[in-house]
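Colleague: I would like a close look at a single part of this protein, with some context for the whole chain.

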Amino acid sequence: MAGLKKMIAFPMLAAFSLLLCPSATAATNATDEDMMFINYHIHIGNDLPYDMPPGYPSLNLHCKSSHRDIGFKAMLPGEDYTFDTKVDLFATTRFYCYAEWLEGKQQYFTAFRARRDEHRCRKYHNACLWSVRDDGIYFSDNNSNWFNTYPW
């Protein structure tokens, strides 16, 4: 009889606590679930010097994940390479890019890694902002402050 009371009492207590505090539980679950449905925008701008001959690409860029190849793009100064992604169920979504500047500089960098970027890229309209410059590849989470994350 005592075992039966414990079996009934615990579920009732749990249900009662959910009734008293539904917003805290719902907010936590909604945030975790919503993260999987957010569309993240990755922008990589070619901010290299304009001293290349007219119409001649100054940057070669290729981005891909283990499941999706975004493709190669020969970029003129001022052009933007963009793609979107969502975070997978286990937060393992990751996109790598290879940048090659015609002056012989090249760099692999991680343009999006779910565990690193799902929170920091939400600050500015769900966008991860990258800028390729003459001294490296910069990141910004607000389009104002830029950090040289991958020096050449």
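What share of the 152 residues in the protein chain is buried, and where is S58 placed?

Modeller: This is a predicted model, in which local features need pLDDT of at least 70, side-chain atom pairs count only at pLDDT 80 or more, and totals for chains, interfaces and linings use all residues. Residues are numbered from 1 along each chain as its sequence is written, and side-chain values use heavy atoms, with hydrogens and water left out.

Of the 152 residues in the protein chain, 32% are buried, meaning under 20% relative accessible area with a 1.4 Å probe, protein chains only. The protein chain has 3 helices and 9 strands; these are DSSP runs, of at least four residues (H or I) for helices and at least two (E) for strands, numbered from the N terminus. Their order along the sequence is α-α-β-β-β-β-β-β-α-β-β-β. Among contacts (heavy atoms within 4.5 Å) with a separation of 6 or more, 50% are between residues 24 or more positions apart.

Now to S58. This residue is in the loop between strand 1 (40-46) and strand 2 (59-64). S58 counts as buried because its relative accessibility is 0%. The side chain of S58 makes a polar contact of 3.0 Å with the side chain of N46. Such a contact is a pair of N or O atoms within 3.5 Å; within protein, one must be able to donate a hydrogen and the other to accept it, and residues adjacent in sequence count only if both atoms are side-chain atoms.

Definitions and conventions: Buried < 20%, exposed > 50% of the residue type's maximum accessible area, 1.4 Å probe, protein only.
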